[in-house]
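This briefing concerns the structure shown below. It is arranged by topic for reading beside the sequence.

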Amino acid sequence: MTVPSPQADQAGRPPLLDIRDLRTHFDTPDGTVRSVDGVSYRLEARETLGIVGESGCGKSVTALSVLRLLPTPPARFAGGEIRFQGTDLLGLSEREMRRIRGNRISMIFQEPMTSLNPVLTVGRQIAEAVTLHQKIGRRQAWQRAVEMLRLVQIADPERRAGEYPHQMSGGMRQRVMIALALACHPDLLIADEPTTALDVTIQAQILELLRDLQAKLGMGIVMITHDLGVVAECCDRVVVMYAGRKVEEASVADLFERPLHPYTRALMASMPSLQGRGGRLAEIPGMVPAPQELGTGCAFAPRCPLATERCRRETPDFTGAATGHGVACFEAAPARHQPVVLHRHAGARP
Amino acid sequence: MTMTSPAPASAAPAATERHARRSARRRRWMRKHPPLILGAVLLVLVAGLSLAAPWIATHDPQALDPLARLAPPSAAHPFGTDALGRDLFSRVMWGGRASLVVGLTVAVLATSAGVLLGLAAGFVRRADGLVMRLMDGLMAIPDILLAIALMAVTRASLTTVIVAITVPQVPRVVRLVRSLALSLREQQYVEAARALGTRLPVILWRHVLPNMVTPLVVQATFIAATAMLTEALLSFLGVGLPPQIPSWGTMMADGRNFVAVAFHAVLFPGLFLAATVLSVNLVGDGLRDALDPRLSRQL
């Protein structure tokens with residue numbers, strides 16, 4: 001797998017998606033919640049970028065920020081920019097933004113059960129998505145819907161297009177969602193945990209379908225997930241997020257070979273492996289701190305087995321981005337490649 | 001069936017079979033919802049009689065006959081006559097029109113107004129407070145009092161009665177629509193529609209409204225029933241329809257002084273009013289069961 005270096009603009013074209021120092025904050029009665037606090041990443045066309053992290057670490061908020069789907073207020077863009085093919089999305093009007101949503105950037109959601117309107121046939125929903133952005137007739141739009149259903153490998157698409165979501169299984173509905181999202185052939189697809197609600201065999205099918213479609217349509221994919229298995233399966237590069245910040249970024253191969261951040265290593269240790277024998281999986285003690293409770297220092301320090309005084313005092317900068325494998329940690333010297341000692345369940349907890 | 005050519009002959013059995021299957025399904029569905037069928041039959045009956053009033057009425061509903069005052073039911077006057085000698089059968093038949101027109105119009109008007117205001121409250125943050133406080137204010141006044149007050153400041157006519165009955169009903173619909181809108185706006189398909197670049201009006205029309213049709217239809221039938229009762233009540237109190245429009249409420253008001261001597265003058269309009277309101281309520285109940293999304297899968 002090749003790692004596109006951050007300066008890979010051979011043709012002088014701007015990257016597909018370039019998020020720089022994005023800060024999305026929420027103003028709540030209890031104070032400002034910094035859900036996303038200085039996240040940067042970029043994505044080239046035909047590339048798949050995985051965003052990994054526990055619940056509440058800001059993965060989805062970042063994605064929703066890209067589409068500007070967060071209600072403002074309470075959400076507020078406190079800084080940074082989101083460049084899509086060179087245009088700063090944060091500077092666009094709502095009207096211009098609507099022309100991008102679904103047309104050039106699309107999103108698929110976690111719950112295929114609730115992402116489709118129960119009272120409209122799936123064909124109609126796809127056809128309508130097409131007519132939102134393209135001036136084509138009803139009949140053509142319907143044909144396009146059938147064609148999209150065929151593209152996502154739904155058997156007998158002519159008949160299926162006339163069916164309602166409740167007549168379909170979860171996996172099929174997720175296929176319909178994908179058809180819906182790709183109906184206008186967007187350049188960028190944001191997949192927010194697209195397989196979490198599906199059972200394992202269907203997960204693999206959906207991921208393979210996404211890979212196929214990416215090869216056919218050539219879009220960039222941002223794959224938001226908390227499942228490192230999904231990342232290993234379909235991503236080129238990975239961004240690991242923790243408490244609204246990027247803690248590590250690397251190519252998939254690099255990340256799995258030498259995870260630098262203690263959090264990444266802990267995540268990997270908590271994955272079941274085929275080699276390991278039984279027993280309880282390692283867990284990361286504690287919880288992601290609520291964003292309003294963040295104090296100074298590294299956000300992971302309270303749960304980190306390697307944490308030092310310095311970690312609790314200062315926030316580590318993100319370093320090593322130029323090498324293609326960056327990390328935000330004082331203790332993550334690449335040479336020190338030792339297994340992180342995790343608190344096995346029975347052992348002492350902090 | 002005559003066979004004209006082989007081609008339609010081969011298609012015909014399939015068509016009849018499909019037809020048979022469909023009508024079997026319909027019969028099964030009807031058997032599952034007896035209140036709905038009963039209510040619908042009753043309602044169609046009353047509506048049919050009212051619509052046919054010009055043809056089935058034996059007398060002019062306003063024609064006075066001083067010689068046959070408070071006559072008991074007879075062959076000439078099946079429901080008897082009232083204190084002014086007017087034929088009650090003809091009046092009751094004509095009177096149904098007022099009830100049905102009021103019921104239907106109020107239901108449609110109150111629901112439409114309620115949907116507009118409720119969607120505004122549910123989806124437009126700035127409108128929410130204003131609309132809901134206004135509705136709270138309206139709800140604080142008893143319906144009948146509000147209707148009477150509205151009638152008191154206007155001249156009696158069909159339009160004013162309809163408006164006076166509609167206004168107190170609107171807040172109910174607004175509350176219902178707003179609460180539905182608040183839950184629907186969090187639905188992922190609404191979010192997904194936004195992610196596809198759909199404009200708010202289209203989202204409301206395509207994704208939100210169709211998903212609240214069932215509770216709205218049910219609510220509308222109950223409003224229709226309430227409206228009919230309220231119209232009768234207003235007319236009974238003398239602040240309803242003008243006397244030249246026959247109404248069951250007016251008839252009962254006219255007859256109430258003579259209950260002891262001419263029971264029929266109150267009985268027949270009362271029976272018809274009760275039957276109509278009952279039928280509408282049955283339809284409403286039946287629709288609620290029949291349209292329940294958890295049961296309607298096989299529809």
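His325(A) lies in the loop that runs between α11 (309-313) and β11 (326-327) of chain A; helices (H or I, at least four residues) and strands (E, at least two) are DSSP runs, numbered from the N terminus. The model is a predicted one, in which local features need pLDDT of at least 70 and side-chain atom pairs count only at pLDDT 80 or more, whereas totals for chains, interfaces and linings use all residues. Residues are numbered from 1 along each chain as its sequence is written, chains are lettered from A and ligands numbered from 1 in the order in which they are written, and side-chain values use heavy atoms, with hydrogens and water left out.

**Surroundings of His325(A)**

- His325(A) counts as buried because its relative accessibility is 6%; buried means under 20% relative accessible area, exposed over 50%, and partly exposed in between (1.4 Å probe, protein chains only).
- The side chains of His325(A) and Glu248(A) are joined by a polar contact of 2.7 Å. A polar contact is a pair of N or O atoms within 3.5 Å; within protein, one must be able to donate a hydrogen and the other to accept it, and residues adjacent in sequence count only if both atoms are side-chain atoms.
- Leaving aside residues up to four places away in sequence, His325(A) touches several residues, among them Glu249(A), Asp254(A) and Arg258(A); contact means heavy atoms within 4.5 Å.

**Interface of chain B and chain A**

- In chain B, 17 residues are in contact with 29 residues of chain A.
- The area buried between the two chains is about 1900 Å², with carbon and sulfur atoms giving 56%; buried area is the accessible area (1.4 Å probe) that two parts lose on being put together, summed over both.
- Arg206(B) forms a salt bridge with Glu128(A), with the closest N and O atoms 2.4 Å apart.

**Strand β7(A) and its partners**

- Strand β7 (residues 188-192) of chain A has 5 of its 5 residues buried.
- β7(A) pairs in the parallel sense with strand β6 (residues 105-108) of chain A over 4 bridges; two strands pair if DSSP finds at least two bridges between them.
- Ser106(A) stands opposite Leu189(A) in β7(A).
- Strand β8 (residues 220-225) of chain A also pairs with β7(A) in the parallel sense, over 5 bridges, and Ile224(A) in β8(A) is the bridge partner of Asp192(A).

Definitions and conventions. Salt bridge = Lys/Arg side-chain N within 4 Å of Asp/Glu carboxyl O.
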